[in-house]
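Have the structure open as you read.

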Amino acid sequence: MIYREDAFSLIQKYVPDENRIKHSKASEVVLCALAQRWGEDEERGGKMPGFCMILALNWTCKSFICNRIFNTYKSSNHKKMNLIIREETRFDWPQITKINNLAFGHKDEGKLVEKLRTTDAFVEGLSLVAEVDDCIVGHILFTKIKIVNDEKKHESLALAPIAVLPDFQNQGIGSSLVREGLKKAKEKGFKSVVVVGHEKYYPRFGFKPASSWNIRPPFQVPDNEFMVLELEPGSLENVSGVVHFSTPFNDL
Ligand SMILES: CC(C)(COP(=O)(O)OP(=O)(O)OC[C@H]1O[C@@H](n2cnc3c(N)ncnc32)[C@H](O)[C@@H]1OP(=O)(O)O)[C@@H](O)C(=O)NCCC(=O)NCCS
């Protein structure tokens with residue numbers, strides 16, 4: 001038998017921030033954890049007890065409410081939006097994959113994020129989600145890269161991918177993700193960020209063509225779509241070379 005204390009310690013284990021226990025995915029977390037335990041326990045024959053079913057129901061209702069919220073925001077008044085940018089947790093992974101696939105319109109992008117998480121390029125705390133009233137609607141990822149020339153390897157970051165669910169685009173969510181991501185990257189001691197993207201979007205955050213520093217992409221891309229931002233002014237003064245992205249980017 002699993003007692004209340006077990007459930008509570010599971011919550012504490014998987015949901016470190018106490019506030020999240022109150023309002024967020026606690027039911028989902030406990031449910032997953034308990035279901036996993038029950039599945040492993042043959043004596044119980046994989047059966048879930050009643051209170052787990054209640055949690056499941058609670059969770060399902062929450063998904064329903066999320067869909068209602070999506071539809072409400074879709075149709076009108078976006079000013080009501082209660083936006084939070086926070087670090088991802090492992091319970092966000094399926095939704096992050098979904099958001100990337102939906103925003104880009106194909107499955108490669110979700111896969112890319114999943115693969116990047118398993119590499120050394122992944123930086124704890126630099127995969128962020130945008131949450132609107134408890135539902136994740138956007139995601140941004142920064143991974144380590146190297147700017148390489150004959151003499152030196154210089155560590156930097158790549159901003160990629162960034163995705164916002166189509167119904168939530170053009171409301172400032174992408175910009176909030178970029179700004180918070182850049183702030184966190186700076187706090188972690190990174191000095192610059194590289195991005196491949198639209199020349200009209202990224203300059204608003206301070207990105208400039210990488211060619212100004214003789215920093216070059218490893219593939220063909222228009223000059224003004226390959227950009228760099230110095231998180232610390234002057235940090236790229238003596239840096240030039242070709243950018244080496246983490247291996248999963250080569251599979252795209
Ligand atoms: C790019 C993306 C993350 C922006 O998120 P968002 O929440 O819509 O962005 P914001 O609301 O902060 O900013 C909206 C502005 O970005 C512009 N914008 C959005 N997508 C753009 C794109 N692909 N190219 C150029 N500009 C774009 C909009 O025209 C708008 O401009 P304005 O402020 O001058 O009116 C989002 O559109 C998205 O997920 N797109 C699909 C995936 C993608 O292309 N990712 C980026 C790869 S580089």
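Start with A130, whose bridge partner in β3 is G138. This is a predicted model, so local features need pLDDT of at least 70, side-chain atom pairs count only at pLDDT 80 or more, and totals for chains, interfaces and linings use all residues. Numbering runs from 1 along each chain as its sequence is written.

Strands here (E, at least two residues) and helices (H or I, at least four residues) are DSSP runs numbered from the N terminus, and two strands pair if DSSP finds at least two bridges between them.

| Partner of β3 | Sense | Bridges |
|---|---|---|
| β2 | antiparallel | seven bridges |
| β4 | antiparallel | ten bridges |
| β9 (residues 241–244) | antiparallel | three bridges |

Now the turns. The β2 and β3 hairpin has two residues between the strands, and D133 there takes a positive phi near 45°. β3 and β4 also make a hairpin, with four residues between them. On the β4 side, H139 has A163 as its bridge partner, while over in β9 K146 is bridged to H244.

β3 is mostly covered, with ten of its 14 residues buried. Buried means 20 or more other C-beta atoms within 10 Å of a residue's own, exposed means 12 or fewer, and partly exposed is in between, with C-beta atoms placed from the backbone.

What about the nonpolar core (buried Ala, Val, Leu, Ile, Met, Phe, Trp, Tyr and Cys residues joined through C-beta atoms within 7 Å)? The largest one has 51 residues, and L157, V193, V194 and V195 have the most contacts inside it. Elements giving two or more residues to this core include β3 (135–148), β4 (153–164), β5 (192–196) and α7 (173–187). Leaving out residues up to four places away in sequence, V194 touches I145, S156, L157, A158, A210, V228 and V243; contact means C-beta atoms, placed from the backbone, within 7 Å.

In α5, I96, T97, K98, N100, N101 and F104 meet E109, G110, V113 and E114 of α6.

How values were computed. A nonpolar core is a set of buried Ala, Val, Leu, Ile, Met, Phe, Trp, Tyr and Cys residues joined through C-beta atoms within 7 Å. Two residues are in contact if their C-beta atoms, placed from the backbone, lie within 7 Å.
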